[in-house]
Every structure is written in C-alpha cells, then in structure tokens.
Protein chains: 2
Amino acid sequence: MGVSKTHIFSEKHNQIASVAKVLSHPARVAILEYISRQEGCICNDLVDEIGLAQATISQHLNEIKKLGLIKGTFEGKNLCYCIDQNTWDTFQNHFGEFFQNVKFNCC
Amino acid sequence: MGVSKTHIFSEKHNQIASVAKVLSHPARVAILEYISRQEGCICNDLVDEIGLAQATISQHLNEIKKLGLIKGTFEGKNLCYCIDQNTWDTFQNHFGEFFQNVKFNCC
DNA sequence: TATTATTATCGTAATATTGCGATATATAAT
DNA sequence: ATTATATATCGCAATATTACGATAATAATA
C-alpha cells in the first residue's frame with residue numbers, strides 16, 4: 001500500500017490535483033509570488049528571501065518547473081526564472097472552473 | 001530533517017498551501033465534486049463511486065472536513081456531507097487573488 | 001435489547017516529501 | 001587555464017501521506 005491510485009481518477013481530477021500539489025507547500029507559493037514581483041529573478045536571492053538551503057530551493061524550483069508554471073533562461077551568470085503565462089492561464093482557468101462548479105452545484 | 005518549516009512562511013502563504021494540500025489528491029477533488037452534485041451525500045455511495053476502501057474514503061473526508069470545506073450532519077441512518085459555502089467562498093477568493101496577482105505582476 | 005447498516009478509528013506497510021550537506025556542473029571574469 | 005559564483009544533483013535521515021483490513025462506535029429498526 002501507500003501508493004496513490006491515480007489511474008482510477010479522471011484526467012481532469014488528476015490535473016487539478018497535480019497543480020494543487022505544487023501549490024501545497026508554502027515555499028513554492030512564496031517562490032512563485034516572489035518571481036512574479038521581480039523584473040528578472042535571480043535564484044540566489046531566493047535562498048535569502050525564503051530562508052531554506054540552496055539545495056532545497058533548487059528542488060522546489062524543479063517541481064514548479066516540471067509542471068510548466070515557470071521557465072528559466074540564463075541572463076549572464078544568473079538564471080532568470082519567469083512565470084509561464086500560457087500554463088498559468090490554463091491552470092488559473094481550470095481552478096476557477098472547479099471552484100465555481102462545485103459552488104454552483106452545492107446543496 | 002524532513003519536517004516542513006511552515007513557521008518561516010507568512011500566514012497567507014501557509015493558508016494557500018493548506019487549501020492546495022487538500023486539493024492535491026485526485027480522490028479529494030473527485031469527492032468534492034461528487035458531493036456538490038448530490039442533493040444530500042451518502043458516504044457509502046462514495047466508496048462505490050470513487051473506488052477506494054471505506055476506511056480510505058473516511059480518511060480523505062476527514063482531511064477535507066478539518067479544513068472546513070465540508071460539514072456533515074446526520075440524516076437518519078446516513079451522514080449528509082455538504083460543501084460549506086462560507087469557507088468555499090473564502091478559499092475561492094484567496095486562490096483567485098493569488099492566481100491573478102502572480103499573473104499581473106509577471107515579467 | 002439485538003440486529004443491521006453506516007461511518008470512524010486503529011494499526012501497519014509501502015511510498016512520497018522535505019530538508020540539508022557534500023559535491024558536481026556551468027558560466028563569467030580574470 | 002584558473003578562479004569565483006551560481007545552480008543542479010546525489011545521498012541520506014526524518015517525517016508525512018496513502019491505502020487497507022480489522023475493529024469500534026453510532027444510529028435506525030425489528
């Protein structure tokens with residue numbers, strides 16, 4: 001036991017869950033918000049800003065990136081992470097619909 | 001190690017993360033949607049509907065309930081779970097704002 | 001009160017996540 | 001080429017989550 005049975009759920013439900021999983025750690029929420037506030041993001045700043053070890057920040061960034069919420073390009077010595085507007089829009093809509101639908105149908 | 005450092009993050013970021021955590025498993029997403037579709041929800045139906053053991057469904061329901069997204073009242077022999085509209089509204093707004101802010105500030 | 005049906009809790013095993021130090025890799029500047 | 005800085009990966013330990021069978025608790029009904 002102990003392994004999630006993702007295969008028994010619909011594509012839609014799995015996708016909502018995947019996005020929520022990335023947002024389910026406060027460090028990742030803080031990282032996303034911080035990136036959105038910067039002109040260009042320098043990761044080393046994140047280590048100071050968030051207060052976790054560099055290796056841990058890198059791991060969190062990777063999970064966000066795997067989902068496609070951010071993309072990184074090198075700018076000189078530093079990596080510049082940006083929100084991927086396309087993916088962000090898509091997930092914003094899916095979440096919005098989910099919240100709205102459940103609310104709408106409620107008893 | 002292995003313990004989340006929730007104390008170093010803001011109340012707001014922790015709250016978004018808590019809600020996302022509940023939505024981070026497809027079973028809980030499916031449960032919420034199913035409950036919203038029913039007049040009154042009977043948990044035993046969920047076992048058939050979702051396809052997980054009764055103990056597991058009960059655990060998932062408990063996590064949703066702990067966050068305040070649903071509330072249960074007995075109707076005769078059965079428990080009727082309903083979406084808590086107040087909590088739902090609040091979290092819908094917080095999520096909406098988060099998505100919108102990040103999008104808005106993005107480079 | 002005994003029975004039946006529904007839901008919750010307990011105990012346990014498997015797996016996943018979080019975090020960090022150490023180390024590797026990559027880029028810029030010297 | 002060497003050095004310095006930035007980021008990624010590895011390996012490990014601690015903790016959390018997922019799932020289920022067994023069992024307990026709860027409530028309606030006979």
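Which residues come nearest to DNA strand C? Of the 31 residues around DNA strand C, the nearest are G2(A), A55(A), G2(B), N44(B) and A55(B). Here a residue is near a molecule or strand if its C-beta atom, placed from the backbone, lies within 6 Å of it.

A note for all the views: this is a predicted model, in which local features need pLDDT of at least 70 and side-chain atom pairs count only at pLDDT 80 or more, while totals for chains, interfaces and linings use all residues. Residues are numbered from 1 along each chain as its sequence is written, and chains are lettered from A and ligands numbered from 1 in the order in which they are written.

**View 1. The surface near DNA strand C draws on both chains.** At least two residues each come from α4 of chain A and from α3 (43-50), α4 and β3 (78-83) of chain B. Helices (H or I, at least four residues) and strands (E, at least two) are DSSP runs, numbered from the N terminus. The top contributor is α4(B), with 6 residues. Sorted by class, this surface holds 13 nonpolar, 15 polar and 3 charged residues. For the sorting, Ala, Val, Leu, Ile, Met, Phe, Trp, Tyr, Cys and Pro are nonpolar, Asp, Glu, Lys and Arg are charged, and the others, Gly among them, are polar.

**View 2. Around DNA strand D there are 31 residues.** G2(A), C43(A), A55(A), G2(B) and A55(B) are the closest. From chain A, α3 (43-50), α4 (54-67) and β3 (78-83) each put in at least two residues, and so does α4 (54-67) of chain B. With 6 residues, α4(A) gives the most to this surface. The class tally near DNA strand D reads 13 nonpolar, 15 polar and 3 charged.

**View 3. Chain A meets chain B, with 39 residues of chain A in contact with 40 of chain B.** Contact means that the C-beta atoms of two residues, placed from the backbone, lie within 7 Å. On the chain A side, α1 (11-22), α2 (26-37), β3 and α5 (85-105) each bring at least two residues. The biggest share is from α5(A), with 9 residues. This side has 20 nonpolar, 13 polar and 6 charged residues. The copies meet through the same surface, because 100% of the interface residues of chain A are also interface residues in chain B.

**View 4. Chain A on its own has 5 helices and 3 strands.** Read from the N terminus, its elements go α-α-β-α-α-β-β-α. The C-alpha trace spans about 50 × 35 × 20 Å along its principal axes. Of the 107 residues in chain A, 31% are buried; that takes 20 or more other C-beta atoms within 10 Å of the residue's own, whereas exposed takes 12 or fewer and partly exposed falls in between, with C-beta atoms placed from the backbone.

**View 5. Helix α2(A) is largely enclosed by the rest of the structure, because 9 of its 12 residues are buried.** Those buried residues are P26(A), A27(A), R28(A), V29(A), A30(A), I31(A), L32(A), I35(A) and S36(A). At 1.5 Å a residue, α2(A) should span 16 Å, and its end C-alpha atoms are 17 Å apart, which agrees. The expected span is 1.5 Å times one less than the number of residues in the helix.

**View 6. The open sheet of chain A runs β1-β3-β2, with antiparallel pairing.** At the edges stand β1 (41-42) and β2 (70-75), each with a single partner strand, so one side of each is left without a neighbour in the sheet. Strands count as paired if DSSP finds at least two bridges between them. β1(A) and β3(A) pair over 2 bridges, and I42(A) sits opposite C80(A) in β3(A).

**View 7. In chain B, β3(B) pairs antiparallel with β1 (residues 41-42) through 2 bridges and with β2 (residues 70-75) through 6.** C41(B) faces Y81(B) in β3(B), and E75(B) has N78(B) as its bridge partner.
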